[in-house]
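Work through these exercises with the structure open. Each task is followed by its solution.

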Amino acid sequence: MTAHKPGDPTTLNRLYGRSKGKPLRAGQQDLVDTMLPQIAVPAEGEVTAARLFGGDCPLHFEIGFGGGEHMAGRADMLPDHGFIGAEPFINGVAQALVHVAGDHGASTPLGNVRIHHGDALEVLRRIPDGALSFAYLLHPDPWPKARHAKRRMMNDGPLDLIAAKLKPGGEFRFGTDHPIYLQHALMVMRRHRHQYEWLAKDARDFQLRPGGWPETRYEAKARAQGHEVWYFRWRRI
């Protein structure tokens, strides 16, 4: 498969970028070996709140959770909600497991998180339509070269899929510090105004992090490098 195949992440049917980095520490590897199988999203079948959490509850889905800071923070804020996160980078999965396990005793372990090590879209397709209360796409790889734009998650196919899975009134949140990706995302979202209502009244609504939006390591790194960060919230119509 070449980089020039037309389409977007829903049609390219492959993951781009790294799947692993430096070797995991012993404690992280132990969590991957023992904890991940216990909280992993099932490999087949419908992905529902009842199947994952034993009953009905508001369901959240994070696409590419990085190190899991945001997902764990939200799960801690909302213990009666169920959180699903998907991430192809094993080092990020390992760090998320540390958070879920309670950060080495610093906090209470989280029982309302399920993790998929792999393609977020594969799991998203198996979630029933209208089942999600929130979907998150925070600081995704910008793929800044024009010929790689089809790899960006902010594209028509993924946005249609997210819209299908969100319940009416559900919320899609997107964050980035990359100006090229920002321009691309806003251009694409203009084509989806029949599905999403932008929840912004003035510039401050996308220049300041909203309440209940935990900072990710990528956001912190961007700020340390002097980058501006933008925050977007859309409601499913």
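**Exercise 1. The contact of α2 with α6**

Task: Find which residues of α2 meet which residues of α6, and classify the crossing of the two helices.

Solution: 
- Step 1. Gln28, Leu31 and Val32 in α2 meet Ile90, Ala94, Gln95, Leu97 and Val98 in α6. Contact means heavy atoms within 4.5 Å.
- Step 2. Sort the residues of this contact: 6 are nonpolar, 2 are polar and none is charged. Here Ala, Val, Leu, Ile, Met, Phe, Trp, Tyr, Cys and Pro count as nonpolar, Asp, Glu, Lys and Arg as charged, and the others, Gly among them, as polar.
- Step 3. Take the geometry. Helix α2 spans residues 26-34 and helix α6 residues 90-100; their axes are 9 Å apart, at an angle of about 90 degrees. Axes are lines fitted to C-alpha atoms, for helices over the stretch in contact, and angles run from 0 to 180 degrees between N-to-C directions.
- Step 4. Classify. α2 and α6 are therefore roughly perpendicular, the class for 65 to 115 degrees.

The model is predicted: local features need pLDDT of at least 70, side-chain atom pairs count only at pLDDT 80 or more, and totals for chains, interfaces and linings use all residues. Residues are numbered from 1 along each chain as its sequence is written, and side-chain values use heavy atoms, with hydrogens and water left out.

**Exercise 2. Two ring pairs**

Solution: 
- Step 1. Apply the rule. Rings of Phe, Tyr and Trp (its six-membered ring) pair if their centres lie within 6.5 Å; planes under 30 degrees apart count as stacked, over 60 as edge-to-face and the rest as tilted. The count comes to 11 aromatic pairs.
- Step 2. Check burial (buried means under 20% relative accessible area, with a 1.4 Å probe and protein chains only). Phe134 is buried at 16%, and Tyr136 is buried at 1%.
- Step 3. Trp213 lies in the loop between α10 and α11 and Tyr231 in strand β7, so the pair ties together parts 18 residues apart in sequence. Both Trp213 and Tyr231 are buried.

**Exercise 3. Tyr196**

Task: Which aromatic cluster holds Tyr196?

Solution: 
- Step 1. Tyr196 clusters with Phe172, Phe174, Tyr181, Trp198, Phe206, Phe232 and Trp234.
- Step 2. Beyond four places in sequence, the contacts of Tyr196 include Leu159, Ile162, Met189 and Arg235.

How values were computed
Helix = DSSP H or I, 4+ residues; strand = E, 2+ residues; numbered from the N terminus. Parallel < 35°, antiparallel > 145°, perpendicular 65-115°, else oblique. Buried < 20%, exposed > 50% of the residue type's maximum accessible area, 1.4 Å probe, protein only.
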